[in-house]
Amino acid sequence: MTPSTDSTAFGTRTTDRLTGLVDEIRDVVGRGLPPDITAYLVGERLGPHLGAGDLLTPQQREGDPEHYRQHLLHAEPGGGFSVVALVWLPGQRTSVHDHVSWCVTGVHEGEERERRYRLVPATTNGGRARLVATEEVVNPRGAVCGFAPPGDIHRVWNGCADTAISLHVYGADISRLGTSVRRVYDVPADR
């Protein structure tokens, strides 16, 4: 499933809390640390803001009945990082995918379910590559996780009866790329 994208939030009204969070992320990214350490430190900055009523505007909380919705909240000049809010109505999900850069996610409202995979390469005797599920997690409000490629293959969905909203920080310019997805996997998965 491909998200609907709203970039109108970018460059328009934002909240003071979001501006402060962007400043904190900028400080971390500006250190030039390895991707996994950067993701960890960005996650530490994101966590305290999750669930705060003054983080997003009402427009940045709007969903789309057809697809989960991506609101671009900030794209750092020079492409160092981007911040997006993903709004998930019940049952909405991603395809199985990986990412172009390090990523940190935090659940702002509701809960997200995530299934993580590893890719088993094709065998030399003609066997197809396949995905093996390695972990399934439920990320409640306030949960933060970060990762860096490789090894970041997963699927995310809203498995609850209410809207879920998560903030995602990517080490890439999502305003230019349009997505954080590097590759979508359509190989067989074991579940």
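**Salt bridges, burial and helix faces**

Modeller: The side chains of Glu135 and Arg116 meet in a salt bridge, at 3.0 Å from N to O. This pair links distant parts of the chain, with Glu135 in strand β7 (residues 130-140) and Arg116 in strand β6 (residues 111-120), 19 residues apart. The model is predicted: local features need pLDDT of at least 70, side-chain atom pairs count only at pLDDT 80 or more, and totals for chains, interfaces and linings use all residues. Residues are numbered from 1 along each chain as its sequence is written, and side-chain values use heavy atoms, with hydrogens and water left out.

Biologist: Why is the contact of Glu135 and Arg116 called a salt bridge?

Modeller: The term requires a side-chain nitrogen of Lys or Arg within 4 Å of a carboxyl oxygen of Asp or Glu. The N to O value for Glu135 and Arg116 is 3.0 Å, so the pair meets the definition. Arg116 also forms a salt bridge with Glu114, where the closest N and O atoms are 3.0 Å apart. The structure holds ten salt bridges.

Biologist: What makes Glu114 buried or exposed?

Modeller: Buried means under 20% relative accessible area, exposed over 50%, and partly exposed in between (1.4 Å probe, protein chains only). Glu114 has a relative accessible area of 3%, so it is buried. Arg116, at 24%, therefore counts as partly exposed, and Glu135, at 36%, is likewise partly exposed.

Biologist: How do you know that the buried residues of α1 line one face of the helix?

Modeller: Helices (H or I, at least four residues) and strands (E, at least two) are DSSP runs, numbered from the N terminus. The buried residues of α1 are Leu18, Leu21, Val22, Ile25 and Val28. Seen down the axis of α1, they fall within an arc of 120 degrees, so they line one face; the arc is that of the directions from the helix axis to the C-beta atoms. An α-helix has 3.6 residues a turn, so residues three or four places apart point the same way. The face of α1 turned away from the buried side carries the exposed residues Asp16 and Asp27.

Biologist: What makes the span of α2 close to the expected one?

Modeller: The expected span is 1.5 Å times one less than the number of residues. Helix α2 (residues 35-46) has twelve residues and reaches 16 Å from its first C-alpha to its last, close to the 16 Å expected.
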